[in-house]
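My notes follow in the order in which I made them.

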Amino acid sequence: MTRYALRGLSLAAGLGLWQLLTGLDVDVWLRFSQFPTVTDVARAFADRLSGPDYWTDLTDSLTRILTGFLLATVLGVATGVLVARSRLAEDLLGPLLEVVRPVPAIALVPVAILLFPSNEQGIVFITFTAAYFPVLVSTRHAVRALTPVWEEAVRTMGGGRWRILGSVVLPGALPGVFGGLSVGIGVAWICVISAEMISGQYGVGYRTWQDYTVVDYPGVFVGMVTIGVLGWFTSTAVELLGRRLTHWLPRTSYVPGGRAPRRVRGARALTPAGPGTKENVPHDQLV
């Protein structure tokens, strides 16, 4: 409860500072007098919630981000495992992927406009591209970092290629995969909002840009707050799913004051006993 209280207090402090600087029209190099106050944004938010356009924009943005992100998850994990496990796939796909990877996804907007028959498909493609490469790279590194002894143990017990994939490769790479998913969902939000601003019809990014063009600054901040909250929720969902699927990992909880961390129930120490431990002391020397 103390941690949640501190988190709520930090948000409240940020909002209070915003209200103070904008309410007093503070202009010390940074021009806070040009900003809307928290109360102005709250009133604009209440007006938007009562209208249908806000919920239409929210639905469209969530549909685009989830479609592109799910496609990136499936194809990114599959490509990462394939490139990490097959030299032929690495030779054929590796150079092409490394050439395309540095290109920002938002720079592919002209390509999406020319390639796809509708703006909706183009925005999903940009979102997919933004999340695909973080997932691919993290999966590739996670698979290559696996201990070869695990695979040899499965082969010794008669396991084939698919058994190794399902029992060793995918479970062992899951922590790295979810690291890439956490990065990918954040980058995907950045690019889907940018794509909506450029070529979208409806969506949070499109509405935020329209508010800017008509000089509705409280509406702009409504869009920014909406984007931040949606990004927070989706990244938290990815993290919680990762924790649930990797529940077998040993974890410790942070304990302030220098005390020893709490041991996870059922976890055992894997470090070998040192020369001064009880296991290595002769029986006649034990008290």
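**Helix pairs**

I began with helix 3 and helix 4 (residues 87–100), which pack at an angle of about 125° with their axes 7 Å apart. That angle makes helix 3 oblique to helix 4. I noted that helix 3 passes helix 4 in a left-handed crossing. On the helix 3 side the contact is made by Thr79, Leu82, Val83 and Arg85, and on the helix 4 side by Arg87, Ala89, Glu90, Leu93 and Leu97. I sorted the residues of this contact into five nonpolar, one polar and three charged.

**Source and terms**

This is a predicted model, in which local features need pLDDT of at least 70 and side-chain atom pairs count only at pLDDT 80 or more, while totals for chains, interfaces and linings use all residues. Residues are numbered from 1 along each chain as its sequence is written, and side-chain values use heavy atoms, with hydrogens and water left out.

I wrote down the terms once. Helices (H or I, at least four residues) and strands (E, at least two) are DSSP runs numbered from the N terminus. Axes are lines fitted to C-alpha atoms, for helices over the stretch in contact, and angles run from 0 to 180 degrees between N-to-C directions. Angles under 35 degrees count as roughly parallel, over 145 as roughly antiparallel, 65 to 115 as roughly perpendicular, and the rest as oblique. A crossing is left-handed if the near helix is turned anticlockwise from the far one by less than a right angle, and right-handed if clockwise. Contact means heavy atoms within 4.5 Å. Ala, Val, Leu, Ile, Met, Phe, Trp, Tyr, Cys and Pro count as nonpolar, Asp, Glu, Lys and Arg as charged, and the others, Gly among them, as polar.

**Two more pairs**

Next I looked up helix 7 (residues 148–156) and helix 8 (residues 161–199), whose axes come within 10 Å and cross at roughly 135°. Helix 7 is therefore oblique to helix 8. Their crossing is right-handed. Trp150, Glu151, Val154 and Arg155 of helix 7 make the contact with Arg163, Ile164 and Val168 of helix 8. I found four nonpolar, no polar and three charged residues in the contact of helix 7 with helix 8.

Then I followed helix 8 to helix 9: the two pack at an angle of about 55°, with axes 7 Å apart. They are therefore oblique to each other, and their crossing is right-handed. Ile193, Glu196 and Met197 of helix 8 meet Val204, Gly205, Tyr206, Thr208 and Trp209 of helix 9. By class, this contact has five nonpolar, two polar and one charged residues.

**Cavities**

How many cavities of 30 Å³ or more are there? I count two. A cavity is a set of points, on a 1 Å grid over the protein atoms alone, where a 1.4 Å probe fits but cannot get out, and lining residues have an atom within 4 Å of a point. Points are joined across faces, edges and corners, and a volume is the space filled by probe spheres set on them.

The largest cavity has a volume of about 70 Å³. Among its lining residues I noted Arg48, Tyr54, Asp57 and Arg207. Helix 10 gives the most to this lining, with four residues. The lining divides into three nonpolar, four polar and four charged residues.

The second largest cavity has a volume of about 40 Å³. Helix 5 (109–115) and helix 6 (119–144) each supply at least two residues of its lining. I found four nonpolar, four polar and no charged residues there.

Terms used:
1 Å grid on protein atoms, 1.4 Å probe; cavity = no way out; pocket = protein on both sides within 12 Å on 5 of 7 lines; lining within 4 Å.
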